[in-house]
Amino acid sequence: MKVLVLGGTGWVGHNIVLELLKGGYDVTIACRGKKQNFTSEVSDVPTITVDKNSDESMKTVFETRYDAVIDTVPTMESIALVAKYARNLKRYLHCSSTGGYAPLPFIPCDETAPYRPFGGNGWAAKVAVDEEAAGLFRSSGFPYTVLRPCYITGPGMLPLDNQGGRRDDYITDILEEKVLDVPDNGLSLLQPVHVKDLAVCFRLALDNPDSVNQIYNICLSHAVTLKRYHEITAAALGKEVKLNFMPLEDMLLKYQGQISEIGLRFLATHMCYNIDKARRELGYQPHCTPEEAIRETARWAAEQLPVNLQ
């Protein structure tokens with residue numbers, strides 16, 4: 001099967017490309033050519049420069065026939081242009097997010113829960129593109145599959161920090177045993193997915209034609225509390241974390257203008273999901289525990305620091 005991966009040189013995208021190659025797929029990468037972080041890992045893969053939101057560019061791309069398209073960061077424009085120009089397309093898969101379920105109506109949350117923009121915005125684009133793909137299926141049989149990962153972790157990307165972002169000095173703060181402010185009581189749940197498991201799930205979904213018109217939550221096996229997350233991260237570096245629990249609104253005032261309000265509010269909500277559907281229909285089996293993934297990411301991030309900070 002000939003597969004076009006939009007965004008195949010990004011962190012998530014290049015992992016998908018490598019997994020598809022192991023599965024025997026004929027892969028071509030389409031990217032803007034602006035991000036170079038992971039190009040060396042996929043340097044042997046045919047790559048074309050594409051503006052996926054450009055009608056003219058996408059028309060040219062699909063003069064070559066592809067059996068499947070994977071979009072790592074879909075837009076309303078890119079979905080419409082794939083549907084318009086990809087002839088005889090057998091499969092279309094894109095990466096979404098479990099963030100649209102928040103605040104969770106039940107725990108663990110599954111694919112039957114309402115999906116809407118968190119806090120009235122934030123994940124609005126994710127909601128829109130998922131609805132667009134489903135709408136195209138209903139109107140024209142567009143063969144979509146949506147994968148919704150939770151917090152993605154693993155080597156290649158900084159870990160989630162205590163403010164709801166991925167600041168580059170989070171690991172430094174832990175190594176220096178600084179006190180970390182944490183929203184509320186630190187008991188909100190966090191459920192990661194390893195980037196390599198997410199890549200595997202794209203292959204598994206592509207392998208299975210019955211995944212058309214389906215949505216899958218992709219996470220590791222269970223959630224941990226924010227408190228436990230920071231403790232695991234620190235312990236992986238041989239440190240003992242120091243946490244200061246603050247009411248969310250007080251923390252927003254303290255860091256006003258310095259952090260994303262949506263990011264912090266989202267961090268303080270539960271992220272806890274059921275992956276039984278992916279296990280049952282795709283044969284998904286996480287290769288590691290959440291604790292192992294958190295430790296691996298912490299150690300990788302520490303290795304990226306200057307020697308005098310490690």
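The following legends describe close-up views of a predicted model. Local features require pLDDT of at least 70 and side-chain atom pairs count only at pLDDT 80 or more, whereas totals for chains, interfaces and linings use all residues. Residues are numbered from 1 along each chain as its sequence is written, and side-chain values use heavy atoms, with hydrogens and water left out.

**View 1. The aromatic pair Tyr92–Phe142.** The structure holds six aromatic pairs, a pair being two rings of Phe, Tyr or Trp (its six-membered ring) with centres within 6.5 Å; planes under 30 degrees apart count as stacked, over 60 as edge-to-face and the rest as tilted. The ring centres of Tyr92 and Phe142 are 5.0 Å apart and the planes stand at 40 degrees, so this pair is tilted. Tyr92 belongs to strand S5 (residues 91-95) and Phe142 to the loop between helix H4 (124-140) and strand S6 (144-149), so the pair ties together parts 50 residues apart in sequence. Helices (H or I, at least four residues) and strands (E, at least two) are DSSP runs, numbered from the N terminus. Tyr92 is buried at 1% relative accessibility, and Phe142 is buried at 6%. Buried denotes under 20% relative accessible area, exposed over 50%, and partly exposed the range in between (1.4 Å probe, protein chains only).

**View 2. The ring cluster of Tyr101, Tyr115 and Tyr273.** Ring pairs link these three tyrosines. Tyr101 and Tyr273 have ring centres 6.1 Å apart and planes at 45 degrees, so they form a tilted pair. Tyr101 is in the loop between S5 and H4 and Tyr273 in the loop between helix H9 (261-267) and helix H10 (276-282), so parts 172 residues apart in sequence are tied together. Tyr101 is buried at 0% relative accessibility, as is Tyr273 at 3%. Arg148 lies over the face of Tyr115, at 3.5 Å from the ring centre; a charge is placed over a ring if NZ of Lys or CZ of Arg is within 6 Å of the ring centre and within 35 degrees of the ring normal.

**View 3. Helix H4 and its packing.** H4 comprises 17 residues and reaches 24 Å from its first C-alpha to its last, close to the expected 24 Å; the expected span is 1.5 Å times one less than the number of residues. Its buried residues include Val127, Asp130, Ala134 and Leu136. The buried residues of H4 pack against helix H3 (76-85), S5 and S6, contact being defined as heavy atoms within 4.5 Å. Gly141, with a positive phi near 80 degrees, follows the helix.

View 4. Most peptide bonds are trans. The bond from Ala102 to Pro103 is cis, with omega near -5 degrees, and the bond from Ile107 to Pro108 is likewise cis, with omega near -5 degrees. Ile107 is partly exposed, at 43% relative accessible area. Leaving aside neighbours within four places in sequence, Ile107 is in contact with Leu189, His270 and Cys272. The C-alpha atoms of Ile107 and Cys272 are 6.2 Å apart, although the residues are 165 apart in sequence.

**View 5. The largest pocket and the largest cavity.** On a 1 Å grid over the protein atoms alone, a cavity is a set of points where a 1.4 Å probe fits but cannot get out, while a pocket is an open set with protein on both sides within 12 Å along at least five of seven lines; lining residues have an atom within 4 Å of a point. Grid points are joined across faces, edges and corners, and a volume is the space filled by probe spheres set on the points. The largest pocket holds about 1200 Å³ and is lined by 43 residues, with Val12, Thr72, Val73, Lys126 and Ile152 nearest its centre. The largest cavity has a volume of about 30 Å³. Helix H11 (290-303) gives the most to the cavity lining, with three residues.

**View 6. His230 and its contacts.** His230 lies in helix H7 (residues 226-236) and is buried, with a relative accessible area of 1%. Not counting residues up to four places away in sequence, His230 touches Asp161, Asn162, Tyr170, Val182, Val241 and Leu243.
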